[in-house]
Amino acid sequence: MSDQSASDRSTIVVALAGNPNAGKTSLFNKLTGLRAHVGNYPGVTVEQKWGHLEYQGRSIKVVDLPGAYSLNSYSLDERVARDFIINERPDLVVNVVDSTNLERNLYLTLQFLELGLPTIVALNMMDVAVARGLNIDLTRLESGLNVRAVPLVATSGQGLDELLSCILEVADRPDKDWRPLEISYGADIDATLGQIQAQVAASTLPVDRMPARWLAVKYLEGDPAVEQLVTAEAPELLEPLAPVRTKLRVHLRATEDDELDGAMTDRRYGFLSGLRRVAVTQTRRDTREISDTIDRVLLNRLVSPIFFLVVIYGLYQFTFWASAPLTGWLENFFEFLSETVSGAMSDGLLKDLLREGIIGGVGGVLGFAPLIAFMFAGISILEDSGYMARVAFILDRIFRAFGLHGNSVVGLIVGGGIAGGCAIPGVMAARTLRDPKERIATILVTPFMTCGAKLPVFLMLVGAFFPDHQALVMMGLTLFAWALALVSARLLRTFLLPGASAPFVLELPPYRLPTLTGILLHAWERTWSYVKKAGTVIVAVTIVIWMMMNFPRLPEEEQAVFDDRLTVVENQLEQATDEAAKASLEAARSAISLEGDSAALRHSLAGRLGSGLTPLSELIGFDWRANIALVGGFAAKEVVLSTLGTAYAMSPEAAPAADDESGDEAGGSEEDALILSLGARLAAESAWSPLAAVSLMVFVLVYAPCFATVAVIRKEIGNRWAIFSMVANTVYAYLICLVIYQGGHWLGLG
Amino acid sequence: MTVISMRQMEAGQSGAISRVRGGGELGLRIREMGLVPGAAIEIVGRAPLNDPVHIKLYGHDLTLRNNEADNIMVDVAAEQEETHE
């Protein structure tokens, strides 16, 4: 009793659990509001959210467990939830259930009760249940399960107070032991279960953390994690236990033609159906008329693909259209910042580092933030409304053929499946996939899409080498990207991520109107976690790449040659009076300075790397200049074009045709100008042929994702795959281009 | 009693699950979603390429692939008798 007062002051840890679509997120948001934290469960990339709240002077920590239908150890999410409960021993579980679907939702409740930890059943969507004529007898439900139950409407907050006081009540109960619920599995199974339970209780297994009854149940079911535990901690048990289980399996197959694990699940459902008969009465027929009517239209075989295309195109347009002004303001702000810095500082390396490395890096990170925010707002609408599950339903057949999931389409389209997307939000969109293999494959192929940053390079090369078929070639590139992504996914799923996907069986939740709070919170969480987790890495790498492209500097004597030439021209310029002479001298001056930049770039680490790679790159049609540009493109694909410009000593301002175009903003017309002038230059260069241009375009499409994307991949699926995406994509790109370039030559296309 | 697999059922057809074949991850997942013997189901329709299948279970919507539906045997006569009552 002495620790009673101590526990009064300590934080109550509540695990929040529930089926997907039961309203767990709404309740979590209502409980913790904006004070939620996001991290990972130890050792895995499954996200953990937690938050704190105060109630009646007590501090409560709420940990959001992944949405789950069960606690078996097949799916990562469910294993994580189970491990959390066993290892962290929260004070209690609040199990959110959909009151309109008790039979299925209470299955998860049974899993907690069999483990024995104190559980509160939060009967969510009570309003809908009442409207549908469902009458739930709380007392009978509570006594049938030996739990506390609280009716709730999480979206409106109705019942929240009762839930919170119930949490305090359960947390402060004097008897803190776990009391596993013992379900009867029928005479045959129960007998064996008792036998195994006795042996487990007397063994070296950690029965203080996991009840012997539960271990026995899971062992009988053949749960892989418990199987491992027994093998590791009490191998002496295997000899007596395995034959007992085998005997029961054989017996069940012979008498009931059933599998042991399946039969045990059926019995739990039998238990629940008995409970439902005593605790739930239905006064009217259960209907979901509105939702059914919508489905009859939207899931109609002819309408569904069209409506899907409209929705996904709408999501794409919304993301890029709505974020454009914000992205523009951010760009202008960082430009302003960079100009202020250059005005305030004297010329030199520190200034360049600050401007191009640090401000450029931070600006680059934040530049993606509006995109991510709006895309997740859009995805949140699709998910919360219930349409996302329907997308999986409509497209599953096609994507399954490539080892992906119907929902993979969202990431692929946002990532550039419609030219101009961005792989960063695309990779993050794969979060909606539950199966880890499908998720990893989707994430790894998303960077193959034609993202917005690759477009200027394509436009330049297409304009220069295929002036008569621009639209056709661009379209071809997009289709090639899709084909490549799907085929690569198939290859990944066959060789690197083999094995069947998790079962598809999916709930189509009723259509609901998304709430603004839900959408905003989701968008905010995703954006903030991107800035925090990926941002730092991206800034660091931007600086490293900047240094690679600027160091080592040209040796003084070489720099002096350019400086001397510049001084000569400047002196002449001062003395010149005639306008025509002035103009030609100014042109000469900028040509010398560009030549100097080009020489400096070649001398830098990136330049040397580019030159060093020439023997390899020649085989796919690239010279050292293209190589440097591709090295720079690792920081951001936008850099490919400007670096190529520097390498060819082309100036963005020196283009003749650009200024005629409408009063575009400075950045846009500079880029347009460079596209034109660089294109003209390459087309005139004998080393560059249409075949080499195709090779370069394909290489840019396929090779290592920009570092911001790699940082996001690392955050989503870990270091190993992030490194894989850099190395494998580059090798892959090289091999494909080798086939294209050498094959093209062989066919006489060079 | 007419027992067929769920894949063979047509849109609009209903019945009671008589048996779920197999255990392991798939067998468990199917049952954990409530597709257990005795449960009444109705086929709502199928996706544009005929797969997956969309069903109603206790008034709620579920979808599963045809190769998953192969494991679910449904007594179609039983349910019809019930609905005629």
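## A salt bridge between chains

Lys56(B) counts as buried, at 14% relative accessibility (buried means under 20% relative accessible area, exposed over 50%, and partly exposed in between, with a 1.4 Å probe and protein chains only). Lys56(B) forms a salt bridge with Asp292(A), with 2.8 Å between the closest N and O atoms; a salt bridge is a side-chain nitrogen of Lys or Arg within 4 Å of a carboxyl oxygen of Asp or Glu. This pair crosses between chains, from helix 13 (residues 289-298) of chain A, which holds Asp292(A), to strand 4 (residues 53-57) of chain B, which holds Lys56(B). Helices (H or I, at least four residues) and strands (E, at least two) are DSSP runs, numbered from the N terminus. Asp292(A) is buried, with a relative accessible area of 19%.

## Basis of the model

The model is predicted: local features need pLDDT of at least 70 and side-chain atom pairs count only at pLDDT 80 or more, whereas totals for chains, interfaces and linings use all residues. Residues are numbered from 1 along each chain as its sequence is written, chains are lettered from A and ligands numbered from 1 in the order in which they are written, and side-chain values use heavy atoms, with hydrogens and water left out.

## Further salt bridges

Over all chains, the structure holds 37 salt bridges. One of them joins Asp257(A) to Arg19(B), whose closest N and O atoms are 3.2 Å apart. The pair crosses between chains: Asp257(A) lies in the loop between helix 11 (238-256) and helix 12 (260-279) of chain A, and Arg19(B) in strand 2 (residues 14-20) of chain B. Asp257(A) is partly exposed, with a relative accessible area of 43%, and Arg19(B) is partly exposed at 28% relative accessibility.

Within chain A, the side chains of Arg253(A) and Glu259(A) meet in a salt bridge of 3.0 Å, N to O. Arg253(A) is partly exposed at a relative accessible area of 41%, and Glu259(A) is partly exposed at 22% relative accessibility. A network of salt bridges links Asp396(A), Arg397(A), Arg400(A) and Glu438(A) with Asp51(B) and Arg65(B).

## The sheet of chain A

Chain A contains an open sheet of 7 strands in the order 2-3-4-1-5-6-8, with mixed pairing; two strands pair if DSSP finds at least two bridges between them. Strand 2 (36-40) and strand 8 (148-151) of chain A are the edge strands, each pairing on one side only. From one strand to the next, the twist averages 25° (axes are lines fitted to C-alpha atoms, for helices over the stretch in contact, and angles run from 0 to 180 degrees between N-to-C directions).

Strand 2 of chain A runs antiparallel to strand 3 (residues 47-55) of chain A, and 5 bridges join the two. His37(A) stands opposite Trp50(A) in strand 3 of chain A. Helix 6 (residues 138-145) of chain A lies across strand 6 (119-124) and strand 8 of chain A, at about 150° to strand 8 of chain A; contact means heavy atoms within 4.5 Å.

## The fold of chain B

Chain B has 3 helices and 6 strands, and its elements follow the order β-β-α-β-β-β-α-β-α from the N terminus on. Its C-alpha trace spans about 35 × 30 × 20 Å along the principal axes.

Of the 85 residues of chain B, 58% count as buried. Among contacts in chain B between residues at least 6 apart in sequence, 58% join residues at least 24 apart.
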